Amino acid sequence: MELTGAEITMRCLADEGVEYLFGYPGGAVLHIYDELFKQDRVKHILVRHEQAAVHAADGYARTCQKPGVCLVTSGPGVTNAVTGIATAYMDSIPVVIVSGQVPTHAIGQDAFQEVDTVGITRPCVKHNFLVKDVKDLAATMKKAFYIATSGRPGPVLVDIPKDVTTARCEYVYPDKVELRSYSPVVKGHSGQIKKALGLLLEAKRPMIYTGGGIVLGEASAELTQLVRALGYPCTNTLMGLGGYPATDPQFMGMLGMHGTYEANMAMQHCDVLLAVGARFDDRVIGNPKHFFQEDRKIIHVDVDPSSISKRVKVDVPIVGDVKEVLSEMSRQYAAGGTKPDAAALKAWWTQIELWRARDCLKYDRASPIIKPQMVVQKLYEITKGEAFVTSDVGQHQMWAAQFYKFDKPRRWVNSGGLGTMGFGLPAAMGVYLAHPDSQVVCVTGEASIQMCIQELSTCKQYRMPIKIVNLNNRYMGMVRQWQEFFHGNRYAESYMDALPDFVKLAESYGHVGMRIEKPEDIEPALKEAFARKDQLVFMDFITDQTENVFPMVPGGKGLSEMILV
Amino acid sequence: MKHIISLLLENEAGALSRVAGLFSARGYNIESLTVAATEDATLSRMTIVTTGSDDVIEQITKQLNKLVDVVKVVDLSEGEHIERELMLVKVRAAGKDREEMKRMADIFRGRIIDVTDKTYTIELTGTGQKLDAFIEALEEGAVLETVRTGASGIGRGERILRV
Ligand SMILES: Cc1cc2nc3c(=O)[nH]c(=O)nc-3n(C[C@H](O)[C@H](O)[C@H](O)COP(=O)(O)OP(=O)(O)OC[C@H]3O[C@@H](n4cnc5c(N)ncnc54)[C@H](O)[C@@H]3O)c2cc1C
Ligand SMILES: Cc1ncc(C[n+]2csc(CCOP(=O)(O)OP(=O)(O)O)c2C)c(N)n1
Ligand SMILES: [Mg+2]
């Protein structure tokens, strides 16, 4: 039977097993919405801004092993979505975006709500398609899902002109796709793995540094097994938190600009570094020139060859999927019989413990003003480390990363690569839908939360009992911190006058609002909020305005040049 | 160093802009870029001449390979290869210069393909260097207009780039 393009679009989504579609209607997608209305396999979540549709799909994807999917209209629908798409792109998150386009005959005519969607999104998608013929639609949808989820994941956009949604053809959803121009390498070269293991076992000062790739590649069990077997220290990037259990004694904390003293020192002074699913970001190693050490050997495992030797020269490159490579490494280690140099390792751990004793994350626990770190610490205790935590961008994000100890992957959801303020709340909506029986918390700041505050309305409509922890320092704290350190205390426009009353704001959206001003009220407030199982609670914590995030590696400096408390 | 990179890409609308966009977004140099369909209608062949350190060239080939529309990438400069570029050049050729200009064209194995009483239009094929040398060899002010295609490259001997 022949179906219309709109029917085919919906059938593809359903056949792909899509549970939720995050979207916002408009002229170019009306036929698709009409088909959406007639079916009940895919549930639609009506957001209040297209940026939020993508962030929600992204949050969904980050916490379950499935891609997130959204639907937006042409023109402003797409341009609103761009920030979300770029966010997903920078963090390699599988999201499929279906966008409406003006009819094929109107393309290029400056038609109403026409933008060059493929052109605008090209630099921030893994791939995109413009479907000009309904006969290509189903196959293109299949390709989109395949590309988004395989290899190094990423967002893929499918732009569908309105006339294609009304044109008809036979519907067949392909079982699988093969693309001659795209076939990600999965298995790592076993010779290279052997070489890497050899180096690792000769190390006097080994270090294991892992990132988002462990989370994306579902390899935290394999990583944990290998790290424990070797007895080596392990650090995670901001994107990799939860990839290795944070409460394990071999865990060194996060590394990088706001990483721990011990992680950064060990990273700088190790003689063999195993990097897995991490991309030597500038926020991680600072200036590559300062990072360089003559006698340090680097092994780098990544599914994307272009991540390897991009910023840092690597001695043993291994292109492959983390899960495959790490299991092969463990297998070879078990079979090999060679053990790490016990004496050297002992001396190395002694050094590390000295660094650790510096207690770089200390803060004034007796302060009469609420310290933001304490809020996160209490949040961690009260949720027993089991919550899904989303975040926005700024100091609060760093404190969440430093003080919430993630023992499992896919529990920590934040925008690391693009650093998108406004990500936290909509991402939490997607997380909630993926895990409706879990606690979902958004740790945010008073500036960030205002960037997608309208989503409180979506949360009401779909009864999403998200807990919002607003670390309200009445400053764009991260900006203020840089101005304090590097711009002579000139706080240019990092202060917001006329903040809303967040309690009333939450209430006006139909939620519960709380304002917490004293340290002794932190715990009771959190407990009460979590006791309200079916309600969204907005907790506005009035925190110390002048608190800074430490340690800090200033831009352009090396990892051992940290500013400490 | 100068490199000649050859690629096969899907003959799809927008594939060219993905490649060109990659170079501008990542700040890579393009000295020239040529593209046309091949004997297989589903594939285009592109030749890019670029410059950069070894690290940059390595990133360029990796990034190109990563584009979903790109089927194959080879850095021709890594081995024996042939490079050819076509130039059309309109030169002043009046009076006593006329004979000299014809002689120059002959020396460089150029062909005069259009003539007026004041000008010649010369067609010249060769490596970029040879075309540069021709322009250099002409008297100042003799050149009225040049148009160059950018280099096309192919491996020597049995080196073949195909799917
Ligand atoms: C305010 C702010 C401060 C920040 N401070 C810090 C900081 O102090 N420390 C820090 O670490 N970050 C920090 N960041 C984040 C930083 O900008 C980067 O986003 C982050 O460091 C990148 O993490 P990653 O290296 O793990 O790479 P990701 O972006 O997570 O990339 C994952 C890598 O793994 C690879 N990969 C994916 N899947 C697989 C697979 N299956 N197999 C193999 N490989 C795979 C990918 O190809 C890629 O190379 C900060 C961000 C902000 C906004
Ligand atoms: C969309 C966007 N615009 C600007 C920035 C730059 N920026 C980074 S952090 C920050 C301040 C965030 O303030 P707030 O949300 O209150 O968090 P705090 O640092 O105070 O915890 C800004 C403006 C950004 N990351 N994203
Ligand atoms: Mg703030």
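Buried means under 20% relative accessible area, and that cut-off is handy for the first view of this predicted model.

**View 1. A buried salt bridge between A:Asp544 and A:Lys371.** Here the closest N and O atoms of A:Asp544 and A:Lys371 are 2.7 Å apart. A:Asp544 has a relative accessible area of 11%, which is why it counts as buried. A:Lys371, at 10%, is buried as well.

**View 2. A:Lys66 and A:Glu19 join two loops of chain A.** Let us move to another of the 43 salt bridges that the structure holds over all chains. The side chains of A:Lys66 and A:Glu19 meet at 3.7 Å, N to O. A:Lys66 lies between helix H3 (50–63) and strand S4 (68–72), and A:Glu19 between helix H1 (5–15) and strand S2 (20–23), so parts 47 residues apart in sequence are tied together. Both partners are partly exposed: A:Lys66 has a relative accessibility of 34%, and A:Glu19 has a relative accessible area of 30%.

**View 3. Salt bridges involving chain B.** B:Asp97 and B:Lys96 pair through their side chains, with 3.7 Å from N to O. B:Asp97 is partly exposed at 30% relative accessibility, whereas B:Lys96 is exposed at 74%. Elsewhere, look for a network in which salt bridges with shared partners connect A:Lys313, B:Asp55, B:Glu58 and B:Lys62.

**View 4. The protein shell around ligand 2.** There are 17 residues around ligand 2, and A:Gln395, A:His396, A:Gly419, A:Ser448 and A:Gly477 come nearest. Helix H17 (395–403) and helix H20 (477–486) of chain A each contribute at least two residues to this shell. H20(A) gives the largest share, with three residues. Sorted by class, the shell has eight nonpolar, eight polar and one charged residues.

**View 5. Polar contacts of ligand 2.** Zooming in, a backbone N or O atom of A:Gly477 lies 2.7 Å from an oxygen atom of ligand 2. A:Glu446 places a polar side-chain atom 3.2 Å from an oxygen atom of the ligand, and a polar backbone atom of A:Met421 is 3.4 Å from one of the ligand's nitrogen atoms. On its own, ligand 2 has 580 Å² of accessible area, of which the protein covers 76%.

Terms used: Residues are numbered from 1 along each chain as its sequence is written. Chains are lettered from A and ligands numbered from 1 in the order in which they are written. This is a predicted model: local features need pLDDT of at least 70, side-chain atom pairs count only at pLDDT 80 or more; totals for chains, interfaces and linings use all residues. Side-chain values use heavy atoms; hydrogens and water are left out. A salt bridge is a side-chain nitrogen of Lys or Arg within 4 Å of a carboxyl oxygen of Asp or Glu. Helices (H or I, at least four residues) and strands (E, at least two) are DSSP runs, numbered from the N terminus. Buried means under 20% relative accessible area, exposed over 50%, partly exposed in between (1.4 Å probe, protein chains only). A residue is near a molecule or strand if one of its heavy atoms lies within 4 Å of it. A polar contact is a pair of N or O atoms within 3.5 Å; within protein, one must be able to donate a hydrogen and the other to accept it, and residues adjacent in sequence count only if both atoms are side-chain atoms. Accessible areas come from the Shrake-Rupley method with a 1.4 Å probe; for residues, only the protein chains shown count as cover. Ala, Val, Leu, Ile, Met, Phe, Trp, Tyr, Cys and Pro count as nonpolar, Asp, Glu, Lys and Arg as charged, and the others, Gly among them, as polar.
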